[in-house]
Amino acid sequence: MATGAVPASFMTLKGRGNGLGLAKTSDFVKVSDLKRVKFNRTKVFVIKNANPASDIELQPASEGSPLLVPVQKYCESTHKTIRRKTRTVMVGDVALGSDHPIRIQTMTTTDTKDVAATVEQVMQIADRGADIVRITVQGKREADACFEIKNTLVQKNYNIPLVADIHFAPPVALRVAECFDKIRVNPGNFADRRAQFETLEYTDDDYQKELEHIEKVFVPLVEKCKKYGRAMRIGTNHGSLSDRIMSYYGDSPRGMVESAFEFARICRKLDFHNFVFSMKASNPVIMVQAYRLLVAEMYVQGWDYPLHLGVTEAGEGEDGRMKSAIGIGTLLQDGLGDTIRVSLTEPPEEEIDPCRKLANLGMKASQIQQGVAPFEEKHRRYFDFQRRTGDLPVQKEGEEVDYRGVLHRDGSVLMSVSLDQLKTPELFYRSLAAKLVLGMPFKDLATVDSILLRELPPVDDKDARLALKRLIDVSMGVITPLSEQLSKPLPNAIVLVNLNELSTGAHKLLPEGTRLVVSVRGDESYEELNVLKSIDATMILHDLPFADEKTGRVHTARRLFEYLSENSLNFPVLHHIQFPKGIPRDDLVIHAGANAGALLVDGLGDGILLEAPDQNFEFLRDTSFNLLQGCRMRNTKTEYVSCPSCGRTLFDLQVISAEIREKTSHLPGVSIAIMGCIVNGPGEMADADFGYVGGAPGKIDLYVGKTVVQRGIAMENATDALIQLIKDHGRWVDPPVEE
């Protein structure tokens, strides 16, 4: 989508109050003034920015529309990383905003009433380098304990700012604002009742009364925060929107933004500006869209509040790090984000290191303004996901083998292999996650689609060549460089070429009809790229050298996709990242998520090829599939929505999560939510098919979607009950038998 392109649904307006608001079908800015002006000799309606000092460029809402809307902008630049300019918000002595480092934070998991345990955990977190720590405060006893927690920490010379996490409890927020440095409120449940997922009908008067109720409940907290110099986070969660918001705007990024803006307008009305926004979701694609929409609206309104970034309920291990890297990293690449939390189902101090890695990635990219030469972007859709799907290979007349399986329609995984791996064919096939029948390989759900072999075996190495032939026979692509294919030709191999080899005609030395893969940096001149118009490529590998730090991988890829779209070249494009020797696993996961993931969440890309010379082959394969699944592309295993635990959690989340994963990880297409309490219950697990939720100490409630179907199950029986529930709904298959 070009900057400012707006869907036709924007034209639907619905009156409310004294101004004009968007109907629930709309995806973009809230408007407050409508004027009739002349545009191209025609009288049209114009939506103006609420900030009269701002000079907003206008355009038709759709082709031929009489309605003009502001051109949308969600970041400072789409061709390089420029940090969005924000005001400074003070959280205790820690400054948040674009003039300061990206701050890292986490959340305690202790019972807040246990002052000694909470103080000890906060000190551990501070010692690991966190800037801010959040503590759940669900009731009066917890609020009372907060005073002792704060005082004890000060006595021990720990002045790390403390944030109170508030749901459903305005009086508790008022109490704890007297001692903590920041209050987090959830607009979905601070003044509204807990969502029942009911569709409600509102007249304009009804809706206005709801807003007046919110203001009545929220104003005392704002006034107290002003009085004590506290900060606030207006933190929307995708899964806990109120019935009122969902009825009016839908369960959508638009609803998330409007939910937060209702509270922000009250803050502004009271001249309180020491607050930040967050737009969290367990789905990185939804999360990215919501933050972009939030920032786009802030640009229109002339607001400059900082952003707290996070993917909620990301899970544990590499899955959790990958999801967080996809969501947070995508926004950091566009210069968005001032403080971040990586939510993992692990001890809170384990969140600090991946959080710091992401913060460093974002700071470095913005400091050197990583990017590419300016280009006009017309086709990428910023605010709603629409995948650009490259043309998959089709069988051509005269071809001896079936090439249709070298790429997968939902996203492809390619792997780089060595000659040594060919020495033990059966182990090699297993490492590709192929099924074996009498020693012969066959593709399965999570089998690698194609391999890159930089060096072909000698022509007389019959065993190695037979191993490759058997892969080619089951429609696995074997890709090899042009020089190798010319010197040691492998029948039916796909040949890797670069733009220089294409422009010099070196590829014409190959037999006619040879399949080609083209490696492209993305920042070449358009004259160099034009050679792509004269060939029929099976796929393109976007490959920017890892060491080229000044040039942005995300930005060069955007430029490449724009060139392909402008020239109607629908080649599949795979993201090829060659990591240096010695890169730690966490760094690799985070870099892959923040770079390739930042493109895949925009629908740009058809797969991934990760290379790291000293990393385990299976780790690289699994990381590749995790990346595709995290970007909501190819689903090859069970998806988990797992909360990171906090003081509200009613069971040992890490132990239970591991137990459930061990017994259910073989169910691709099934999504299971594991939630420690009802606050992170049915609403937070919006994406899940089945839910395992703490209902009371030692008791578990089971959900199907957002509906509770069994209550009060003894914890020791709950995992088996969950499995039976999955079976009852026809979603269970028995685990595969190990050969």
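Modeller: Patches are made of residues with over 30% relative accessible area and no salt bridge, where like charges are joined within 9 Å and nonpolar side chains (Val, Leu, Ile, Met, Phe, Trp, Tyr) within 5 Å. Accessible areas come from the Shrake-Rupley method with a 1.4 Å probe, and for residues only the protein chains shown count as cover. This is a predicted model: local features need pLDDT of at least 70, side-chain atom pairs count only at pLDDT 80 or more, and totals for chains, interfaces and linings use all residues. Residues are numbered from 1 along each chain as its sequence is written, and side-chain values use heavy atoms, without hydrogens and water.

Colleague: Which residues make the nonpolar surface patch of about 430 Å²?

Modeller: One member lies in strand 19 (residues 440-442), strands being DSSP runs of E of at least two residues and helices runs of H or I of at least four, numbered from the N terminus. The patch is made by Val 437, Leu 438, Met 440 and Phe 442.

Colleague: Is Met 440 buried, partly exposed or exposed?

Modeller: Buried means under 20% relative accessible area and exposed over 50%, with partly exposed in between (1.4 Å probe, protein chains only). At 33% relative accessibility, Met 440 counts as partly exposed.

Colleague: Which residue does Glu 215 meet in a salt bridge?

Modeller: A salt bridge is a side-chain nitrogen of Lys or Arg within 4 Å of a carboxyl oxygen of Asp or Glu. At 2.8 Å, N to O, the partner of Glu 215 is Lys 269.

Colleague: Where in the chain are Glu 215 and Lys 269?

Modeller: The pair links distant parts of the chain, 54 residues apart. Glu 215 is in helix 4 (residues 204-228), and Lys 269 is in helix 6 (residues 253-269).
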